[in-house]
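Please keep the structure in view while reading.

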Amino acid sequence: MVSYVDYKKVPLKYTGQFRIFDEAAFAGMRKVCELAARSLDELIHIVKPGITTNEIDHFVFSFGADHGALPADLNYRGYMHSCCTSKNHVVCHGIPDDRPLREGDIVNIDVTYILDGWHGDSSRMYPVGIIKRAAERLMEVTHESLMKGIAVVKPGVHTGAIGAAIQLYAEAERCSVVRDFCGHGIGQIFHDAPNILHYGKSNDGIELRKGMIFTIEPMINLGKAEVKTLKNDWTAVTCDHSLSAQYEHTVGVTETGCEIFTLSPKNIFFYQI
Ligand code: MF3
Ligand code: CO
Ligand code: CO
């Protein structure tokens, strides 16, 4: 049974219901999401050839600590790092390590902070030095598919319309949409109902209502859509080893559309060198 509930009236754990948030919640989300966006802005100056993904991870932790926020990733289901760093053919959940990034790599950095109990989740792609045109195009297509998905969000529309808009655009650009991961409800819980699929039909899924908050985070591949999980049980990579990209925003449904909580204060969400 589909049910929408006042977030103040349900326990702080996954119940499968769709929480409806009020203005106070939106204010909390604005704060934490802006912090996540600012950390991603700062990372533009840090991501360079020679830097390791562990150094990126340490920055994410200390930037949060400096602003009273904890990374939601840390200790989440046994995950031992502050962010995910997914490079080249890695689709998502790349684990930071001591290997330096190299000129020509593209890397997704995915940050979620918790501040005053609210979660702000966002990710962007970073070029490492000069990258190939194909990699740059994949980043452009992925960012645009996220924005196409966001553009359809408003009360009365089904979650499937978001996926349909993303799939239509990405496939017209001869790219493929990863099916194995989705966007998610978020708020005082990191991963909540509903699931936001990045493919499908406009009438699929549940109807959006004002006050819902969720992420949209399409993973788009240059080659085929199939992914497999590495032996660390976290990291997903493309089966055909083709490049993969992802962008993620946290949004809240308003009367007429949505508010993008994780927009870059410096307006540099899509960054090219
Ligand atoms: N930030 C990811 C998301 O977009 C989740 C990462 S969970 C972790 O939903 F444990 F891998 F960090
Ligand atoms: Co994320
Ligand atoms: Co997310």
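## A residue and its surroundings

Leaving aside residues up to four places away in sequence, Thr 250 touches Met 29, Cys 33, Gly 120, Asp 121, Ile 186, Ile 213, Phe 214, Thr 215, Glu 259, Ile 260, Phe 261 and Thr 262; contact means heavy atoms within 4.5 Å. Thr 250 belongs to strand β16 (residues 249–253); helices (H or I, at least four residues) and strands (E, at least two) are DSSP runs, numbered from the N terminus. With a relative accessible area of 0%, Thr 250 is buried; the term buried means under 20% relative accessible area, exposed over 50% and partly exposed in between, with a 1.4 Å probe and protein chains only.

This is a predicted model, in which local features need pLDDT of at least 70 and side-chain atom pairs count only at pLDDT 80 or more, while totals for chains, interfaces and linings use all residues. Residues are numbered from 1 along each chain as its sequence is written, chains are lettered from A and ligands numbered from 1 in the order in which they are written, and side-chain values use heavy atoms, with hydrogens and water left out.

## The two cobalt ions

Which residues hold the metals? The table lists the protein donors. Donors are N, O and S atoms within 2.8 Å of the metal (3.2 Å for Na, K and Ca); water is not among the atoms, so sites may look incomplete.

| Ion | Protein donors | Distances |
|---|---|---|
| cobalt ion (ligand 2) | Asp 110 (OD), Asp 110 (OD), Asp 121 (OD), Glu 248 (OE) | 2.0 to 2.4 Å |
| cobalt ion (ligand 3) | Asp 121 (OD), His 184 (NE2), Glu 217 (OE), Glu 248 (OE) | 2.0 to 2.2 Å |

The two cobalt ions, ligand 2 and ligand 3, are 3.3 Å apart, and Asp 121 coordinates both. Asp 110 lies in strand β6 and Asp 121 in strand β7 (residues 118–127), so this pair ties together parts that are 11 residues apart in sequence.

The site of the cobalt ion (ligand 2) is irregular, with angles of 58 to 167° among its six donor atoms. Around the cobalt ion (ligand 3), the six donor atoms subtend angles of 51 to 159°, which makes that arrangement irregular. Along the chain, the donors of ligand 3 follow the spacing D-x62-H-x32-E-x30-E. Asp 121 in strand β7 and Glu 248 in the loop between β15 (244–246) and β16 link distant parts of the chain, 127 residues apart.

## The nonpolar cores

A nonpolar core is a set of buried Ala, Val, Leu, Ile, Met, Phe, Trp, Tyr and Cys residues joined through side-chain atoms within 4.5 Å. The largest has 34 residues, and those with the most contacts inside it are Met 29, Leu 43, Val 47, Ile 109, Tyr 113 and Tyr 126. Two or more residues come from each of α1, α2, β6 and β7, and α1 gives the largest share, nine residues. A second, separate core of 32 residues includes Ile 106, Met 139, Cys 175 and Ile 196.

## Helix α2

The 14 residues of helix α2 (residues 53–66) should span 20 Å at 1.5 Å a residue, and the end C-alpha atoms are 20 Å apart, which agrees. The expected span is 1.5 Å times one less than the number of residues. The buried residues of α2, among them Ile 56, Phe 59, Val 60 and Phe 63, pack against α1 (23–43), β4 (84–87) and β6 (106–115). After α2 comes Gly 68, whose phi is positive, near 75°.

Terms used:
Four donors count as tetrahedral if all angles lie between 85 and 135 degrees; four count as square planar and six as octahedral if opposite donors are over 155 degrees apart and all others between 65 and 115; anything else is irregular.
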